[in-house]
Amino acid sequence: MIRLILFIALLASAGVAGGERIEFHRDIRPILADRCFQCHGPNEKDRKSHLRLDQAEGEEGAYRTLKGKTALKPRNLEDSELWYRITTENQDDAMPPAESHKKALSGAEKQRFKQWILEGAQYQDFWAFIPPHPSPPPQVKDASWREGTIDPRVMAHLEKKGLKPKGEADKRTLIRRLTFDLTGLPPSLKEIEAFLEDSSAGAYVALVDRLLSKQSYGEHMARYWADLVRLADTNGMHKDFPRDFSTYRSWLIRAFNDNLRFDEFVKYQVAGDLYPEASRDQMIASGFNRLHLIIDRGTALPEESHHKNVLDRVAAFGTTFLGLTLQCAQCHDHKYDPISQKEYYQLYAFFNNFDGEPETGKVDKGWRQAPFIMLTTPEQDETLAALRADEDAANAEVKKMRAAEKQAQTWPKLEKASVPWIWNDKDLNSKTVEFSKTLTLKQKPEWALVRYASMGEVEVTVNGKTLGRAFAWDRGLKVELSALLKPGDNQIHARAKGARGFAFELQYKVTGQEFTLASGPAWQARGDKSDKGEPWQPAMEVHNAKYREGWSERTKSPKLMDSEAQLAQAKKSRDKLLVKIPAAMVMRDRAKPKRTHVLIRGAYDAPGEQVQRNTPAFLPALKKKEGFYTRMDLAEWLVAEDHPLTARVAVNRFWQQFFGVGLVKTSEDFGAQGEWPSHPELLDALSVRFMATDWNVKKLVRGIVLSKAYRQISDGTPEEFLRDPENRDLARGSRYRMDAEMIRDQILFLSGRLNTTMYGKSVKPPQPPGLWKAVSMAAPLTYVPDTGDKIYRRSFYTYWRRGMPPPQMTIMNAPSREFCLARRERTNTPLQALLLMNEPEFFKAAKACAENTLKEAQGDPSRGLSLLYEKVTSHRPDQERLRLLEDTLEGFRELYRSDRALTESLLPELKKADLEPRANLAAWTMVTHGLFNLELAKVKR
């Protein structure tokens, strides 16, 4: 019996040794994280049975023995409680328990655990938290795949799986794929022809270098970063007010085109404002910390708003640079990754010291919220200096006059007035009303002071002399007028506009006694029909007038009013110039650091232990220094040679841009809940090389697109697509739906109307009427489309309102930009087809493309159709497709010849043309539009 057991054990171990060895982090940890870590993971507060399965050693580690039971005993299934719990049919002991609502392990998963335990149940440090290490390229059978960093490792993976790569794609496919990948646009016919004619060995390399040098490269690369950092043109939340971050977008484009070192690219954004004598670019880049959502003032308590802003900064930092879900530790220790709540708030402390308002408060007319910097030219600096001097002079005059009036002996101490507001009728039906009153004096007063105001504009005259105009309830006048008054009758006349009400109070002193004349029923009034003979009648008191008393405390002398008007004009002139000058919202720290506490359960108003700035313990430590750490220390920590995440996360996202999916599919999460890399050695090799080559992005990109792995044919058999739908093995070229911006920009490019102007503020292409109505809480936020060639600018410059992003983009899987997005989903829905088939702007583009092609065809339909097909697909049609196009064109011609009304509705601009040319253009338009909707035009192959 003993011999039989030993024989079975030997067979089992032989079976294990004969297959691929189990890796804890690749094969076991993802199952534990999904089914077990809720109760037996890193989170101490939720841990049960004093057992954590994410680590082997320690009092609560998986190897521990408690009450006579060992959770996991290497090479021993019978004594491993874990094995019993995942295989038992006893529902009281089975794990995961039924109440967890986690599904039981499958047979294959149990077999995986069995093999792992028999192999020794070895734990390793989590792969993503170990610095990437170089490894020699593997030896592969195919000599043509032995060059470079990428190809040997891809081929080794394929050989291990018994797979073979595809051959290299044809030149037309390559130039189309490469041009889209590096510029976001299709190649022109001239570019295709030049590439086809270049038969030299270095033709493809030369094409890569030419495309990398194009300015459109920076626009395309920056677009991916915009998704990641949630770049938008509004604040989001509540009223979703506008804000201008176009200067940050322009910096991104320049950074990629200039090939700014990626480590500097990171540092500028995390801490650009902390450089000694920071440059404009460094300051602009620090706006990364200001891209979060901002709520309107009065919507929440300021401290709550501040807290939300900091949470957003930390989440953006974690997703963008670390590829981790840091925000999961906001309320408690992270359940899956070794990040405690205390460590979360130590990171939080780096971003908790912002010197600015946490909410949308006072913004300038360029919708820029302080702190921000103005990006002026030397000439603009001179003009601004002159305007500020004028403003300072006007301000000094205003202060001088206010002080003089306050000290003048002729101005008595005035109490708040309480006088009736009057009009010609109580219902305020007249838009303009005249008032008249006679003041009879026995002698000239010692002093006399009048105060008056209106809900609109009012001018008052005394004895034919004007006292000046008041403009609103809070911009009334007060005038010393004893010189204008005389013994006998004094005529007071007022003319008020605005249909709101008029208030007047005259205080004067005669023979030592003070008197008051106030507006009221004793005054005469007549409405704006007085030129038609409307009679004077007693004024009527307006009982619903606002600010009945407060107006009198806001009155000013005419001279002071004029001085303030001059000051206002000086400010207006300065603001008018400032609005035209680009500006950048930037990061700025308080001089005295704000205290940071662990927030109990993540509540902003429940501070616990005070913490200092620091980084999670499972990652390399910050360099020791005296005093507190700054964001610059944090930035330098990110790009240190021993940091395990920054280079990996960046390389993975760049890879994702070119292959559709990253080497780590979950590019937003490199933690325990993320996916194991499809090619871990390749990811490490690229990361190490990226750092060793001075974080050179263009060099990394160049290496990717020059690889044989990238240049493969993307076609495959149905069986191959079923076996590996996402092409994780890289046994073929990638094939996937292009992003919304690429599809739209391609259509504009083909129409000949694409506006290639770079930089500047966002533009608003035509959209459905009332687009923003459903989400706007303020009248000014209505969608007003731009006109002219602005509407044909690249999609990267399209105005992005978080509450209502451009529908053409979101239907095609573009994000709202409310949160950081490391990868877009790719779907294929009926709504997308409806958009591409019915969007009016796409029809217009098809018409323009058809017109251009007709001119180029010079009366030869076959030549024109072949040309049109090549424009749209970068390939020439074979004879069968050309015949199909010819038949389709003729079918459309017959349709439009037979239906004049339909033809005129499609081409209303050709009112004077005969039916035949209109029907011909309509037919060509429909053929073009049909080609725009081909899979070949929407899918990157």
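Select aspartate 669 first: leaving aside residues up to four places away in sequence, aspartate 669 touches Gly323, Thr325, Asp337, Val664, Gly674 and Glu675, a contact being heavy atoms within 4.5 Å. The model is predicted, so local features need pLDDT of at least 70 and side-chain atom pairs count only at pLDDT 80 or more, while totals for chains, interfaces and linings use all residues. Residues are numbered from 1 along each chain as its sequence is written, and side-chain values use heavy atoms, with hydrogens and water left out.

Aspartate 669 sits in the loop between helix H19 (646-659) and helix H20 (680-692); helices (H or I, at least four residues) and strands (E, at least two) are DSSP runs, numbered from the N terminus. Aspartate 669 counts as buried because its relative accessibility is 9%, where buried means under 20% relative accessible area, exposed over 50%, and partly exposed in between (1.4 Å probe, protein chains only).

Next, turn to the salt bridges, of which the whole structure holds 61; each is a side-chain nitrogen of Lys or Arg within 4 Å of a carboxyl oxygen of Asp or Glu. Select glutamate 109 and arginine 35, a salt bridge with the closest N and O atoms 3.0 Å apart. Glutamate 109 belongs to helix H5 (residues 107-119) and arginine 35 to helix H2 (residues 24-35), so the pair ties together parts 74 residues apart in sequence. Arginine 35 counts as buried at 7% relative accessibility.

Finally, select lysine 161 and aspartate 729, whose side chains meet in a salt bridge (3.1 Å, N to O). Aspartate 729 counts as buried, at 5% relative accessibility.
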